[in-house]
Amino acid sequence: MNDFKKPYIIMSSAMTIDGKIASKEGDPELSDAEDWRAIHKLRTEVDAILVGKGTIVKDNPKLHIKFHKHKGYYRIIIDSKLDIPIESEVIIYKPESYPTIICTTENVPEERIALYEAKGIKILGSGKSNRVDIVNLMPKLYDLGIKSLLLEGGGTLNWSFFRNNLVDEIRLTIAPWVVGGRNAISLVDGEGFSRMSEATKFSLIKVQERDNYVVLKYKRGNSC
């Protein structure tokens, strides 16, 4: 792994006390105004932001930067079937400041790729199964000049990064609510590790508290 090229990956999220990043109906509004400003400040410090297709389909975000001066960055979407709406904000909103890369599998037909490329979107193929090969994707992003990346994923996408030991740092805001719900999305979903000894270890490096919110920052432990 010493020769493995990958961006420095920061997973950023807000969650409830009981570990949910959205309610059972999908309501993700956990951050207050101060936290949003901090999130957008963090966006100015990386080369790219990465989300999954589900975020685009559900919320249609611009994934832009507000409140702070910035030079722009890449918007990266994981979309295994390459079928996010062609009119999505990540495609049409300020591509000169926020160029978009869609990462898909190598099975997608060329004619479908051409539809997105005609909109100025860069398509990266990674993996020949029905899901994007996240590990194989990392050197491709690094070679594009993406040396730091902000992961703002849902539970399934976050799991794929933790499962493959790709997350270097965590910024986690804990909101002062308990929402419950068996079907509410957790910070990390997926299959999960069988034993604690398999999991990636992180070291707590900073704690901030304000108005019943707690912001935690972790870095991957040296022993991992």
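Me: It's a predicted model, so let's start with the fold: what is the strand order in the open sheet of nine strands?

Reply: Reading across, you get S5-S4-S3-S2-S6-S1-S7-S9-S8, and the pairing is mixed.

Me: What makes S5 and S8 edge strands?

Reply: Strand S5 (122–125) and strand S8 (202–210) have a single partner strand each, so one side of each has no neighbour in the sheet. On average, neighbouring strands here are turned by 20° against each other, ignoring direction.

Me: How do you know that S7 and S9 pair?

Reply: Pairing takes at least two bridges between the strands. S7 (residues 169–175) and S9 (residues 213–220) have six bridges, in the antiparallel sense, so by that cut-off they count as paired. Within this region, Arg171 sits opposite Lys217 in S9.

Me: Which strands does helix H6 lie across?

Reply: H6 (residues 155–163) lies across S1 (8–16), S2 (48–52), S3 (74–78), S6 (148–151), S7 and S8. Relative to S2, H6 runs at about 115°.

Me: Why does the radius of gyration agree with a compact globule?

Reply: For 224 residues, a compact globule would come out near 17 Å, and the protein has 17 Å, so the two agree. The C-alpha trace spans about 50 × 40 × 35 Å along its principal axes.

Me: What percentage of the residues count as buried?

Reply: The cut-off is under 20% relative accessible area, and 45% of the 224 residues count as buried. As for the surface, the protein exposes about 12,000 Å², with carbon and sulfur atoms supplying 49% of that.

Key
Residues numbered from 1 in each chain as written. Predicted model: local features only at pLDDT ≥ 70, side-chain atom pairs only at ≥ 80, totals over all residues. Heavy atoms only, no water. Helix = DSSP H or I, 4+ residues; strand = E, 2+ residues; numbered from the N terminus. Axes fitted to C-alpha atoms, helices over the stretch in contact; angles between N-to-C directions. Contact = heavy atoms within 4.5 Å. Rg over C-alpha atoms; globule rule 2.2 N^0.38 Å. Buried < 20%, exposed > 50% of the residue type's maximum accessible area, 1.4 Å probe, protein only. Areas by Shrake-Rupley, 256 points an atom, 1.4 Å probe, with all protein chains shown as cover.
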